[in-house]
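Please read the following report alongside the sequence and the model.

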Amino acid sequence: MSYFPFFVQTDNKKILIIGGGRVAAEKFNKLKHFTDSITLLAEDFLFRSDGFKTIKKAWEPADIDGFDVVIAATDDHEANREIGELCRKKHIFVNTVDDIEFCDFIFPSIVKKDDVTVAISTNGSSPALSQYLRRKTEDMLPDDIGDIASSMKEARNVISKSVHDGRLRKRVYKKMLNVCLSGGDPTVFYPHEIVIATRGSKLAMAQSKLVKEKLLELGMTVTLKVVRTQGDRDQGSELAKIGGRGVFVKEIERVLLNGQADIAVHSGKDLPSQIADGLVIAATPEAASDRDVMLSFTDTPKKIGTGSLRRICQLKQVFPDACFIPIRGNVDTRIRKLRDGEVDAIIVAQAGLDRLGIDVSDFKVRVFGDDECLPAATQGIMAVECRSDSTELRSLLSLIDDPMTHERFNAERLFVKALGADCTAPAATRCYLTGGSSLTGHVSPDMSSYVMPAMYEGIRGTFNGVVRFIERDLTPENVNRLLGLSQSGHVPPSHQVNKNVRVSKLLGKVYIVGAGPSYDLLTLRAKYLIEHAEEIVYDDLIDISILSLASSDATFHAVGKRLGSRKARQEQINDLLVTLAEAGKNVVRLKGGDPYVFGRGGEEAGALEAAGIDYEVVPGISTAIAVPEHFGIPVTNRGSARSFSVITGHTAPDLNGESLSDFGKIDGSRIFLMGITQLPHIVDELIKGGASPDTPVAVMSRGYSADEQIIRGRLSDIAEKARNAPMPGIIFVGENAASGLRYVRKKSVTVTGTKSFTERARETFEEAGIVVKTVPHLLVEPAYDAQMDFEKESILTFTSANGVASFFSVYDRDLRNLADTEFACIGPATAAELSKHGFGADYIPGEYTTAELSKVLIKVAKNKKVYLLRADNASDELRKNLDNAGIQTENICIYRTMVDNRLIQGFVPDTDYILFGSANGVKTYFESGGSVGSAQVICIGPVTAKAYGRECLVPQESDLERVLEVIS
């Protein structure tokens with residue numbers, strides 16, 4: 001006899017239990033948790049009825065009439081059977097205790113926790129076994145299984161409305177259950193907003209929209225946030241020359257880590273070998289084609305447009321007579337260059353053409369196979385990235401993941417990891433998980449390694465996925481090992497490549513750069529290298545404002561060595577430089593003064609040379625010359641000093657057999673660096689060597705800083721006069737130390753804020769003879785997702801020059817559309833930026849404040865709409881003022897500010913003043929660990945002063961010219 005386990009709705013079912021003994025009690029105790037419609041009938045009851053209806057009498061056939069279910073549970077077997085036969089005649093569902101023949105249903109062993117009910121049956125063969133299984137089930141179920149069931153019940157109501165596809169809905173339920181069982185929050189599957197960070201190119205937007213569509217199917221609302229990357233900003237350079245890892249990724253990853261977006265969508269091939277800490281690739285939707293294709297008007301092109309070293313390495317053998325022209329830009333741009341005849345052919349990814357829906361029917365289309373051009377690792381794959389601690393979100397994203405694509409993605413990323421490479425590297429590979437190619441690889445049974453065709457610098461081989469023995473230094477021997485070739489370095493004919501196509505190794509380069517004594521004395525070569533560095537290793541003694549030249553992507557390493565506060569041993573610094581270069585980084589080693597003048601630059605160059613690292617030394621203006629000249633002391637002078645010596649005063653007296661006393665005999669200027677603490681010893685040795693006690697001496701401390709000072713004396717008294725001289729300092733011994741040439745101490749100011757603000761301040765203040773040090777700790781990112789559909793009668797309002805610059809960066813329509821638009825600017829600096837783009841400001845308040853700008857707009861905008869084009873965190877005062885006056889207003893975030901705390905963690909200005917240009921600048925400066933030290937604080941306006949909250953200097957108007965009046 002077979003029983004199917006139905007769960008029956010009991011609320012509207014009338015149930016009769018006949019019997020008052022132990023067996024009837026068991027049945028009653030199981031049923032009472034599921035329904036109130038139970039009637040108990042017996043002459044006497046040995047158990048409590050708990051308020052249920054009871055009838056005390058002997059049973060009669062008429063008693064079963066009107067009931068839907070009857071349970072015969074008397075202690076009389078014959079009576080139970082009689083009840084069973086009668087119920088069947090009247091078509092009433094019946095259970096007769098211990099008489100399986102007359103049972104329409106049986107009672108299972110039940111485990112019930114809130115909404116969770118588990119029924120266990122052995123078809124009546126062994127109640128004891130059922131009880132055993134029930135106990136095991138109770139032990140197995142989590143204590144909160146009832147709460148989980150309640151959550152799933154609520155979720156079912158939500159998801160049934162938000163996810164319309166039945167199959168997808170089932171997958172959502174399964175994922176939700178897994179999240180619940182692991183203690184997570186299932187509401188991540190409920191409809192909510194997800195912000196996708198993406199590049200602004202047409203292809204990137206198309207890919208992000210594909211992911212958006214998948215999330216919309218899950219009931220989400222999706223917003224695209226456009227982020228401009230390094231690769232987007234520099235469209236004029238070849239990718240290989242831009243340098244760096246992840247030129248299309250870093251800025252987007254920063255947005256993710258800052259919490260400004262939930263996920264990011266990348267082209268898989270754009271990812272560097274190592275994504276940022278704290279992030280993970282959560283999903284890879286089904287891949288598109290991984291093939292490269294050539295579009296042309298001829299079968300034998302002579303000028304082929306591609307900026308990819310990977311493609312050039314391989315296609316040079318397919319088209320040996322062709323010239324490869326480096327071109328960049330989106331697919332439309334490349335096609336336009338082909339149509340205009342700039343090139344005969346272009347190479348593009350098939351996936352890009354497909355995703356953009358570009359019609360190429362009027363071109364000759366050649367699709368390259370593996371034997372001609374292996375694709376880049378993960379080409380055609382979209383990678384969806386999120387924060388690694390977003391566990392529930394990762395579960396949601398797994399619903400848009402294609403497992404086969406993800407396996408291929410992981411396998412090909414192993415090759416990228418082995419190289420330490422990114423999208424600019426001349427490398428290619430393709431993993432075939434399911435066969436179908438003459439070059440098919442395989443996945444090992446333990447899924448821990450892969451075998452696949454691969455290429456590096458034009459040399460082909462087979463990559464086996466084992467990366468632990470591959471060194472960063474990709475010598476020919478290591479490349480052979482990587483690609484499974486002969487250890488002897490012999491390359492089989494099928495893998496040989498034209499040597500002219502080979503490109504440089506992926507090792508980085510180190511520039512040992514002299515930073516001079518101050519920003520103003522930096523060389524042009526040093527400035528260029530700092531601006532393009534990926535890693536900057538610097539000493540304490542450099543002018544910190546020099547670091548403001550670095551890109552927002554550069555990583556800073558402070559390894560300063562100052563007496564009493566050593567941060568790193570020289571050996572550690574050497575190792576750091578080698579490690580960074582081996583990782584393929586473009587490294588600048590910044591040293592105060594000149595690197596080879598007591599700067600240990602020679603030691604670092606030696607360590608790099610020993611490690612096979614390419615390096616370049618860039619001279620700097622030595623403090624040995626610059627500081628004395630700054631204080632009006634010529635190092636040489638006809639008639640008083642025809643020579644000069646530069647000596648370290650910080651080491652032991654014996655300098656490779658040369659005694660300090662030897663310098664007492666010589667004529668000319670003697671300049672001691674790092675000698676303040678050794679001053680008494682230096683004086684004694686010079687006099688001992690024959691120097692006159694009347695010889696003039698100057699001790700110059702902290703040159704080019706606000707607390708710089710010079711102490712003059714003679715050998716006979718200088719030790720006493722300068723015993724409290726601050727460090728670092730220079731000791732100048734010789735007749736010129738008594739020079740009466742003019743020394744004018746200049747006032748100095750540290751300027752904080754955005755790059756544009758600090759540079760405008762530098763230009764304004766330096767013209768007035770003020771020393772300026774900039775700390776641009778606020779990064780400006782134009783909001784490429786801003787919606788800019790302006791009404792005809794409108795006033796575009798800008799409250800900063802950054803807003804103007806950002807607006808024209810993102811406004812992608814014909815500027816003639818703005819011909820009838822009016823512009824309002826908060827001050828002349830903002831208006832000046834507007835004029836650079838060919839527009840004049842119609843309205844500028846007399847006082848450059850938000851309150852005054854509000855008054856002007858209220859007066860002129862009665863029948864016009866005012867658009868406030870400002871930062872994401874701009875003050876709400878202006879909008880409130882306009883709203884209260886009944887002015888139609890729309891606030892548009894035209895740029896976002898992010899904090900670059902690399903410059904200000906622990907920063908203390910060494911200038912007379914420190915200037916804050918905005919309330920946000922004040923807030924973020926102190927939140928990131930900056931301080932003001934002994935500098936006087938200047939706030940550019942009352943709003944900024946309010947944010948500072950302490951006594952400070954405030955100019956009469958919020959203008960740099962008025963700040964200049966305060967300083968002067």
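Strand S32 (residues 748–754) and strand S38 run parallel and are joined by three bridges, where strands are DSSP runs of E with at least two residues and helices are runs of H or I with at least four, both numbered from the N terminus, and where two strands pair if DSSP finds at least two bridges between them. The model is a predicted one, in which local features need pLDDT of at least 70 and side-chain atom pairs count only at pLDDT 80 or more, while totals for chains, interfaces and linings use all residues. Residues are numbered from 1 along each chain as its sequence is written, and side-chain values use heavy atoms, with hydrogens and water left out.

From S38 the chain crosses through helix H27 (residues 919–927) to S39 in a right-handed β-α-β crossover, that is, with the strands pointing away from the viewer, the path from the first strand over the helix to the second runs clockwise. In a regular strand the side chains alternate between the two faces of the sheet. Strand S38 (residues 913–916) is covered on both faces, with Tyr-913 and Leu-915 buried on one side and Ile-914 and Phe-916 buried on the other; buried means under 20% relative accessible area, exposed over 50% and partly exposed in between, with a 1.4 Å probe and protein chains only.

Another set of strands, five in number, forms an open sheet of mixed pairing in the order S9-S8-S10-S17-S11. Its edge strands, S9 (221–226) and S11 (279–283), each pair on one side only. Strand S8 (residues 193–198) runs parallel to S9 and is joined to it by six bridges, with Glu-193 standing opposite Thr-221 in S9.

Helix H20 (residues 679–688) has Leu-679, Ile-682, Val-683, Glu-685 and Leu-686 buried. These residues lie on the same side of H20 because they cover an arc of only 170° around the axis, the arc being that of the directions from the helix axis to the C-beta atoms. On the other side of H20, Asp-684 and Lys-688 are exposed. The elements that cover the buried residues, by contact of heavy atoms within 4.5 Å, include those in the table.

| Element covering H20 | Residues |
|---|---|
| Strand S28 | 669–673 |
| Strand S29 | 696–701 |
| Helix H21 | 718–721 |
| Strand S31 | 729–733 |

Just after H20, Gly-690 takes a positive phi of about 115°.

Which loop holds Cys-373? Cys-373 is found between strand S16 (364–367) and strand S17 (382–387), and is buried with a relative accessible area of 1%. Not counting residues up to four places away in sequence, Cys-373 touches Arg-291, Asp-292, Arg-310, Arg-311, Gln-314, Leu-315, Phe-368 and Arg-460. Gln-317 is 56 residues from Cys-373 in sequence, and the two are 9.7 Å apart in space, C-alpha to C-alpha. A search of the whole structure for disulfides finds zero, a disulfide being a pair of cysteine sulfur atoms within 2.5 Å. Cys-373 is accordingly in no disulfide, and the nearest cysteine sulfur, that of Cys-313, is 9.8 Å away.
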